[in-house]
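The tour goes from the whole chain to single residues, one selection at a time.

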Amino acid sequence: MSMNFQFCKKYFLSCILLAIPILLWDYIFTDKLPKAFQPAIFWKDIPSFITYGENISRLIMFVFISFMPLKIITNMQKNGLLLYVAGTLLYFAAWIILIYFPDTTWSNGVYGLLAPAYTPFFWLIGIGFIGDSLFLKIPYKRWLYFLVVIVFLIFHNWHTYLIYFRTH
């Protein structure tokens with residue numbers, strides 16, 4: 001029993017824990033965002049290569065962070081945690097502005113509407129600095145995680161950009 005617990009605890013203490021506040025935020029507040037972000041509009045008529053590119057790269061990214069041990073020991077990991085926290089706050093602020101001030105120039109402009117799509121860059125890169133290895137017995141290259149994040153963000157921002165031009 002103890003070995004099973006240690007095995008589960010090891011995988012529970014992964015960088016996926018850092019995604020939980022983001023996922024909860026998205027789940028709780030998505031329906032409060034402007035119409036353009038509602039699923040019926042946001043996912044309508046998006047080219048399949050963008051949809052597949054975005055969702056496949058998102059899945060790969062979450063697999064990566066699920067297998068990255070969560071530990072804050074080195075200076076790089078500490079700086080990564082600071083970047084993650086700052087990026088998360090920036091991401092939340094982007095949503096709050098869109099929710100509470102939807103009729104402002106910012107919220108109706110391209111930079112405001114795309115803010116929830118480009119601000120994840122900071123918290124995702126922060127996670128990349130925190131995760132310096134994998135639980136798996138394979139060599140870990142941090143640049144590969146960063147590449148997946150960049151690919152995801154390209155598709156995610158492209159998707160949101162299409163929504164902006166469709167709705168404005």
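**Stop 1: the whole chain**

Begin with everything selected, and keep in mind that this is a predicted model. Colour by secondary structure: the protein chain has nine helices and zero strands. Read from the N terminus, the order of elements is therefore α-α-α-α-α-α-α-α-α. The C-alpha trace spans about 55 × 30 × 30 Å along its principal axes.

Now show the surface. The protein chain exposes about 9800 Å², and carbon and sulfur atoms supply 74% of that area. Of the 168 residues, 40% are buried. Among contacts between residues at least 6 apart in sequence, 80% join residues at least 24 apart.

**Stop 2: helix 8**

Select residues 120-130, which form helix 8. How many of the 11 residues of helix 8 are buried? Eight of them are, so helix 8 is largely enclosed by the rest of the structure. The buried residues in helix 8 are Pro120, Trp123, Leu124, Ile125, Gly126, Ile127, Gly128 and Ile130. Show the surroundings of these side chains to see what they pack against: helix 2, helix 4, helix 5, helix 7 and helix 9.

**Stop 3: the largest pocket**

Select Asp26, Arg58, Tyr91, Trp95 and His156 next. Of the 22 residues that line the largest pocket, these five lie nearest its centre. The volume of this pocket is about 470 Å³.

Which helices each supply at least two residues of the lining? They are helix 2 (20-29), helix 3 (39-42), helix 4 (48-66), helix 5 (75-100), helix 7 (110-118), helix 8 (120-130) and helix 9. Colour the lining by residue type, and it divides into 17 nonpolar, three polar and two charged residues.

**Stop 4: aromatic rings**

Show the side chains of Phe, Tyr and Trp. The whole structure holds 17 aromatic pairs. One of them is formed by Phe42 and Trp43: the ring centres are 5.7 Å apart and the planes stand at 85°, so the pair is edge-to-face. Are these two residues buried or exposed? Phe42 is buried, because its relative accessibility of 8% is under the 20% cut-off. Trp43, at 35%, is partly exposed.

Move to Phe64 and Tyr145. Their rings also form an edge-to-face pair, with 5.8 Å centre to centre and 70° between the planes. Phe64 lies in helix 4 and Tyr145 in helix 9, so this pair ties together parts that are 81 residues apart in sequence. Both Phe64 and Tyr145 are buried.

Then select Trp25, Phe29, Tyr91, Phe92, Trp95 and Trp123 together. Ring pairs link these six residues into a cluster. Tyr91 and Trp95 were selected at the pocket as well, and Trp123 is one of the buried residues of helix 8.

**Stop 5: Phe29**

With a relative accessible area of 23%, Phe29 is partly exposed. Leaving aside neighbours within four places in sequence, Phe29 is in contact with Trp95 and Ile99. Draw a distance from the C-alpha atom of Phe29 to that of Phe49: the two residues are 20 residues apart along the chain, and these atoms are separated by 27 Å.

**Stop 6: two buried residues**

Select Thr160, in helix 9 (residues 142-167). Thr160 is buried, with a relative accessible area of 2%. What does Thr160 touch, not counting residues up to four places away in sequence? Its contacts are Phe37, Phe42, Leu113, Leu114 and Ala117.

Go on to Ser14, in the loop between helix 1 (2-12) and helix 2. Ser14 has 0% relative accessibility and counts as buried. Beyond residues up to four places away in sequence, Ser14 touches Ile65, Ser66, Met68, Pro69, Leu70 and Phe135.

**Stop 7: Asp45**

Finish at Asp45, in the loop between helix 3 and helix 4. Its relative accessibility is 61%, so Asp45 counts as exposed, the cut-off being over 50%. Check its backbone angles too: Asp45 has a positive phi of about 60°, although it is not a glycine.

Terms used. Residues numbered from 1 in each chain as written. Heavy atoms only, no water. Helix = DSSP H or I, 4+ residues; strand = E, 2+ residues; numbered from the N terminus. Buried < 20%, exposed > 50% of the residue type's maximum accessible area, 1.4 Å probe, protein only. Contact = heavy atoms within 4.5 Å. 1 Å grid on protein atoms, 1.4 Å probe; cavity = no way out; pocket = protein on both sides within 12 Å on 5 of 7 lines; lining within 4 Å. Points joined across faces, edges and corners; volume = space filled by probe spheres on them. Nonpolar A, V, L, I, M, F, W, Y, C, P; charged D, E, K, R; others polar. Phe/Tyr/Trp six-rings, centres within 6.5 Å; stacked < 30°, edge-to-face > 60°. Areas by Shrake-Rupley, 256 points an atom, 1.4 Å probe, with all protein chains shown as cover.
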